[in-house]
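The sequence and the model should be read alongside the points below.

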Amino acid sequence: MTGAPRLLVLWCPDWPVVAAGAAAGTSPLLPAAVFSGNRVVACSAAARRGGVGRGMRRRDAQSRCPELVVHQHDPDRDARLFEPVAAAVEGQAVGVEVVRPGIVAVPVTGAAGYFGGEEALAELLINEVEAQAGVECQVGIADGLFGATLAARRSAVVPRGGTKAFLAPLSIAELNQPGDDRGEFVDTLRRLGLRTLGAFAALAERDVASRFPQDAITAHRLARGLSERPPLRRALPPELAVTEHFDHPLARIDEAAFVAKTLGERFFAGLAAHGLACTRLAIVAVTEAGEERVRVWRCAEPLTARATADRVRWQCEGWLTAREPGRPTAGIVRLRLDPEEVVGGQALQLQLGSLGRDADAAERAGRALVRIQGLLGPEAVVTPLLDGGRGPAERVRLIPWGEPRRPVTEDRPWPGRLPAPSPTRVPPRPPPAQVLDAVGDTVRCSGRGELGYPPATVAVDGGPARRVLGSAGPWVVHPALPAQRGGRPFARIQVVLEGDRPEDGDIALLLRATIGPDPQWTVEGVYD
C-alpha cells in the first residue's frame, strides 16, 4: 500500500468569483456567481446566503437572489489572475504546484522545518498571500492532495498518519470536487447507502473494481487517504521533455496561445508514443534577458493535449501580464515542458460515459453520434440511465443522445421493489425455467406473497435440474401503471443453485413467475 506525501494546500475560496470580480471591478461584498452553460459553477458567500448554489440554473439563481451579479466562466482569466498568488507562495517555499486556479500545493517537510513547524508555515503563507496579492485564503495540511484540500476548506492541520480518520466522517459528496465529474458515481454510492467517505473506504478494493467504473478505484484510494494512484515503477526515457526556441521573443498573449497549442500537442504525442501520460507538468520559460520562470501544475487526472495547451497558455499569460516586479523584463525566447510525474497511458482511455472530461474527445464523439442520428433517426443512438422501478430491466431507461439525462421516477415509492444488489446480467429474452418443490410439484405463489412450498430444484431452458441451496422472497408486484393495467400480477424470488463442480462455484439467479394456479417461471437476471 502506497502512502501519500505530506502536503500543504493553500485554497482561495470561490476563486472564479474573486477573479471575475477583480477583472470587472465589482465589490467583493456583493452577491455574485459565475455561470457556464447557464448553470452556476461558483458563487460567493453572500450569494449562498441568498439561496444560490452550484449547479443551479441562472433563472432560479436570480429569482432567489435578484441583486446577484452575473459573471461568465473564463478559465483564462482565472489562471492569469492567480499567478500573483502562486508567486507569493513561491517566495516563501520551494516546490510550489498549481493544482488549478485557486489552489496551490506545497511539500511540507522541508519548509515546515525551516519556519518552525507546520502551523507556523501555514500562518506565514496566509499573511504573505494577503500582503502580496491582496487575497484571503485558507490553509490545510494532511497526507495527500485530496486530504490536504479538504483540510484547507476547514482550516485544519491533520496529524501525520491521521488522514484516513479525518476523511472518514465527511460526506461522500466530497469525492465530486470541481473538475472531477463524479456526480453520477456519487449519486450511485448514495443510493447504495454509502453516505460517508469512511463507509466507502471500508469496501474491499476488489469489490469496488468489480462493480464500479475504472475511476472508482481512484476515488476509493482517495477515500482511504492514499495517493490517487500507485507510482509508476519503470525507468523513464530521457527525451520526454519538449523544448521550443523562438527567433522572435514572445511578448503578446495571442502569440503565446498559438505556441501553447502546438507545444501541447507535441508534448502529449511524445508521451503517448511511450505509453505514458503526465499528471505533474513543469513549465519553464527563459526570457531574452536570461531570466528563468518555472511553474509546476499538478493534475488529478492525466493531461490531454488540450489540457496541456491550456496550462501552457494560462501560465504564459500570467507571466506576461503580471505586475512589477514579477513580470519578466523581456520576451520569452525558450519554453520547455518537463513531465515531473507520469502514469501509464491507459489512465487516459475514455469511455463514452466520461467524455465530459476531455472537450476534444467529447466534441468529436458528439458530432459522430449526431451524424448517425441524422441517418438512422434519434432513437438509433441512446445512453442508459438508472431510474425508478421494481425490477432490474424496468429501472433502465434508454435516453436518445442529446436529450437531458435526468431521473424522473427514482424518488417515488415502489412497493415490491427488488432489494440490492441488482443482477449483473439481464437476458433480453428471459429463458423459461422449471421450479419444483421437494415432491416434484411446480412452486406456486399466492397474491399475498406466500410460496406454497419452498423451491427444491430449478432447471433453466430445458437444462438439468440443480439443487437449490438457498432462496429469498417472494416480492409481489401488482401492475398499477396505465400501460400495465390488465396485466397479471407476478412475483420474484432469488435463488442460489448448486454448480456442476465445487470449484465452479454456486449459481445465483433472479426468477419471476406469474401468480395463479399455473405459474410460468422465467429467469429475469443472473448474479455473477
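A residue is called buried here if its relative accessible area is under 20%. By that criterion, the buried residues of helix α1 are Trp15, Pro16, Val17, Ala19, Ala20 and Gly21. The structure is a predicted model, and its chain holds 15 helices and 19 strands.

**Overall composition and confidence**

- Of the chain's 528 residues, 46% count as buried.
- Taking contacts between residues at least 6 apart in sequence, 58% join residues at least 24 apart.
- The chain has a mean pLDDT of 83, with 87% of its residues at 70 or more.
- Residues 349–358 have a pLDDT that stays under 50, and the model gives this stretch 13 contacts beyond four places in sequence.
- Residues 481–486 also have a pLDDT below 50, with two contacts in the model beyond near neighbours in sequence.

**Helix α1 and its surroundings**

- The buried residues of α1 pack against β2, β3, β4 (69–72) and α4.
- The axes of α1 (residues 15–24) and α4 come within 9 Å, crossing at roughly 90 degrees.
- Angles of 65 to 115 degrees count as roughly perpendicular, and α1 and α4 are therefore roughly perpendicular to each other.
- On the α1 side, this contact is made by Trp15, Pro16, Ala19, Ala20, Ala22 and Ala23.
- On the α4 side, the contributing residues are Arg77, Asp78, Leu81, Phe82 and Val85.

**Asp78 in helix α4**

- Asp78 lies in helix α4, which spans residues 75–90.
- Asp78 counts as buried because its relative accessibility is 4%.
- The side chains of Asp78 and Arg77 are joined by a polar contact of 3.4 Å.
- When neighbours within four places in sequence are left aside, Asp78 is in contact with Trp15, Pro16, Ala19, His73 and Pro101.

- Strands β2 (residues 32–36) and β3 (residues 39–43) pair in the antiparallel sense over four bridges.
- Within this pairing, Val34 stands opposite Ala42 of β3.
- Two residues lie between the strands of the hairpin, and Gly37 in the turn has a positive phi of about 60 degrees.

**The eight-stranded sheet**

- An open sheet is formed by eight strands in the order β7-β1-β6-β5-β10-β9-β11-β8, with mixed pairing.
- β7 (138–143) and β8 (242–250) stand at the edges and have a single partner strand each, so one side of each is left without a neighbour in the sheet.
- From one strand to the next, the twist averages 25 degrees.
- Strands β5 (residues 97–100) and β10 (residues 292–298) run parallel and are joined by two bridges.
- Val98 stands opposite Trp297 in β10.

**Helices packed on the sheet**

- Helix α6 (residues 118–133) packs on the sheet, where it touches β1 (6–11) and β7.
- The direction of α6 makes about 25 degrees with that of β1.
- Helix α7 (residues 145–153) also packs on the sheet, touching β1, β5, β6 (103–107), β7 and β10.
- The direction of α7 makes about 145 degrees with that of β7.

Key
Residues are numbered from 1 along each chain as its sequence is written. This is a predicted model: local features need pLDDT of at least 70, side-chain atom pairs count only at pLDDT 80 or more; totals for chains, interfaces and linings use all residues. Side-chain values use heavy atoms; hydrogens and water are left out. Buried means under 20% relative accessible area, exposed over 50%, partly exposed in between (1.4 Å probe, protein chains only). A polar contact is a pair of N or O atoms within 3.5 Å; within protein, one must be able to donate a hydrogen and the other to accept it, and residues adjacent in sequence count only if both atoms are side-chain atoms. Contact means heavy atoms within 4.5 Å. pLDDT is the predictor's confidence in each residue, from 0 to 100. Two strands pair if DSSP finds at least two bridges between them. Axes are lines fitted to C-alpha atoms, for helices over the stretch in contact, and angles run from 0 to 180 degrees between N-to-C directions. Angles under 35 degrees count as roughly parallel, over 145 as roughly antiparallel, 65 to 115 as roughly perpendicular and the rest as oblique.
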